[in-house]
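Biologist: I have the fold open and want to know what the labels rest on. Can we go through them one by one?

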Amino acid sequence: MRPEVLNPLFAGADSLKGVGPKLEKPLDKLGLTRVRDFAFHLPDRFIDRRVIANLDEATVGENVIVELTPTQYRQSRSGRGPFNVLASDVLGNVVSLTYFGRASYSAKKSLPLGEKRWVAGRLDQYGDMLQIVHPDHVSENGGAAMGTVCEPVYALSDGLTQNRVQALVQQALEDVPDLPEWIDPGQLDRKEWPAWRDALVLAHKGPHKAARDRLAYDELFASALALMLVKADNRRRKGVPLRGDGHLRDRLRLPFDLTAAQKRSVREIEDDLAQNHPMLRLLQGDVGSGKTAVALHAMLIAVESGAQAAMLAPTEILARQHYDTLVEMARGTGIEIAVLTGRDKGRARESILMGLLDGSIDVVVGTHAIFQDSVAYRNLALVVIDEQHRFGVNQRLLLQQKARGTAHCLSMTATPIPRTLTLAQYGEMDVSKLDELPPGRQPIDTRVIANERMGDVVAGLRRHVGEGKQAYWVCPMVREHETEDIAAAEERFDTMRAALGENAVTLVHGQLPADVKDANMARFASGEVAVLVATTVIEVGVNVPNASLMVIEQAERFGLAQLHQLRGRVGRGAEKSVCLLLRGDALSETGRERLALMRETQDGFRLAEEDLRLRGGGEILGTRQSGEQAFVLASPEQITELLEVAHADARLLMDRDGGLTGPRGEAARIALYLFERDYGVQLLRGG
Ligand code: ADP
Ligand code: MG
């Protein structure tokens, strides 16, 4: 049960004054559904404004507050351009207050001609005209009342304004209770961190580093504690030791030798499985590093010991692909493999359920369907989860418990986690790493190309397709608005069809119904269609070896990790593969660095480290968006340091049986609930 002291924080957003059904959607979009979320919705940055007497006192680019008199409204005849209000200061300097979209009505209302108004905003220059685009505030009274002191700027969504969000956050902060301190007092003193409630208030007021650090630390601490509880719980559980005698593995005839990294991982897994508590291991390996072969070895060990193994895939297509691969690889062993997804119905399904129950099926591959209540196993002892990052710890715990006793668990991920963060994200697991690709892989030829050369790129694509080869085309992310992303993808789909022919192109994006998406994907996977146009939803892990060209539009908008994942879709066949990164002309320094790195290396772990460095780590730690201001946990080094402190402290707090002790124990429980690591609390001993 959640501690009562937290109740005000977990009240719904509608308990705040002014939140009705109309705001529900825009707030939802920002993840603001409870009072707590508002309190944690930290500003992206702060604006420091200066009150000036006239425009001569300001420099372009500065945020100012100035008294102006509107003199004229201007709208282009078509009615399509921006709406401009010309206004002059006391010296007669003219500035244009510019509004885009349908804002003329409200602009006229707040800026009546001939009447003095205080205007706050950023002074820009457009041609030889001074301009303030969408003033932040317009009011009859000036000065500090308008936010001269540091004003927070929050992330918004359609239908929300800065003022609205500011007001709601303020309201939420008033409901925030004092909580008992869960941080070690010594640590608090050393870092000069404020108490939790004070830290929250300060973090909304200005760029207060100590406050931000503390809040980030809190989250790390709660995670560390929860993961440690999971680990302790796992250690207490009894698992069935699996000691395969090797008779199936001996019959395995793979067309290649395992790499040293694969052999090492298999050995580590073998050791774990022989223990009498459940394995909890993460197999981390870049795209194409050969995780499937390792998983097969693990599953064979289970079957050699007379048990069953199940492999969980995130999607239907992936499940079927894994099934095909495993059947092919395991051909000589004589084991029985089945595939089960939500789509299997009637007799076929019945017969698989029967086989799982009577043990005639040794290995089953599938989606969540393999863990439904109606599915019973004779002797399930190993669960393999592909693409771990799609499942939370919580879900995984539930899965493991579906087995009789507690199943051994092998998670696999292709997302390279920077070393710094492994502890935070996978702290409860032991890690095996495939840090070596199978021999003979051809590097992917990666090129950065200016957007204007789109015509050449399409011509190249036509030649590529003409040779019977396939290609991916990834559409730009228009950030913020998913609908615009999809519009862009559909437009690109149309132009591609016009260029290459109706039947040469297919489309996947997030808003297609699942069966349509699957069908389109399948047509591409089978080679029926040459080009797949997609938003970033291209299935993780989908394997189409004949696809040897990847085009990514507006590549500068993607993070390094994401680009790496996307690029990993090609380079899977014998054919030399090419990845074209199209870039716009407004390239930031970071954007430039990212693309250069992509050209330079194909090492996923290195890219993940660099990505973290470039992004400054803020995103990972719940401070979601990085604005202009440098975020607190600015360096991987600092993250590492705090993570280590958090883990050490969590360890101190926990007693040998996995209970929380000492005066800080109760406070730590509250922290677990506050950060919704409740499964951690549920695993508490004697609590
Ligand atoms: P991933 O780690 O991305 O799941 P896969 O298991 O799909 O990688 O393996 C990618 C490809 O590499 C497959 O075609 C597989 O047969 C092949 N492969 C795996 N291990 C080796 C190896 N040791 N030597 C050569 N090829 C290998
Ligand atoms: Mg895979």
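Biologist: What is the strand order in the open sheet of 6 strands?

Modeller: This is a predicted model. The order is S17-S22-S21-S18-S20-S19, and the pairing is parallel. From one strand to the next, the twist averages 20°.

Biologist: What makes S17 and S19 the edge strands?

Modeller: Strand S17 (445-450) and strand S19 (505-508) each pair on one side only.

Biologist: How do you know that S21 and S22 pair?

Modeller: Pairing takes at least two bridges. Strand S21 (residues 547-552) and strand S22 (residues 578-583) have 4 bridges, in the parallel sense. So they count as paired. Leu 549 stands opposite Val 578 in S22.

Biologist: Which strands does helix H18 lie across?

Modeller: H18 (residues 560-567) lies across S17, strand S18 (470-474), S21 and S22. Its angle to S21 is about 150°. Helix H19 (residues 589-600) lies across S17 and S22, at about 150° to S17. Angles over 145 degrees count as roughly antiparallel.

Biologist: Why are H7 and H22 called roughly perpendicular?

Modeller: Helix H7 (residues 209-236) and helix H22 (residues 665-674) pack at about 100°. The range for roughly perpendicular is 65 to 115 degrees. The angle falls inside that range, so the label holds. The axes are 9 Å apart.

Biologist: Which residues make that contact?

Modeller: H7 brings Phe 221, Ala 222, Leu 225, Ala 226 and Leu 229. H22 brings Ala 668, Ala 671 and Leu 672. By class, the contact has 8 nonpolar residues, no polar and no charged ones.

Biologist: What makes both faces of strand S12 count as covered?

Modeller: In S12 (residues 337-340), Ile 337 and Val 339 are buried on one side. Ala 338 and Leu 340 are buried on the other. S12 also pairs with strand S13 (residues 363-366) over 4 bridges, in the parallel sense. There, Ile 337 has Val 363 as its bridge partner.

Biologist: Which helix does the chain pass through from S12 to S13?

Modeller: Helix H12 (residues 346-358). This β-α-β crossover is right-handed.

Biologist: Why is His 41 called buried?

Modeller: Its relative accessibility is 5%. Buried means under 20%. So His 41 qualifies. His 41 sits in the loop between helix H2 (35-39) and strand S1 (45-47). Its C-alpha atom is 9.0 Å from that of Gly 31, 10 residues apart along the chain.

Note on methods:
Residues numbered from 1 in each chain as written. Chains lettered and ligands numbered in written order. Predicted model: local features only at pLDDT ≥ 70, side-chain atom pairs only at ≥ 80, totals over all residues. Heavy atoms only, no water. Buried < 20%, exposed > 50% of the residue type's maximum accessible area, 1.4 Å probe, protein only. Helix = DSSP H or I, 4+ residues; strand = E, 2+ residues; numbered from the N terminus. Right-handed = clockwise from strand over helix to strand, strands pointing away. Axes fitted to C-alpha atoms, helices over the stretch in contact; angles between N-to-C directions. Parallel < 35°, antiparallel > 145°, perpendicular 65-115°, else oblique. Contact = heavy atoms within 4.5 Å. Nonpolar A, V, L, I, M, F, W, Y, C, P; charged D, E, K, R; others polar.
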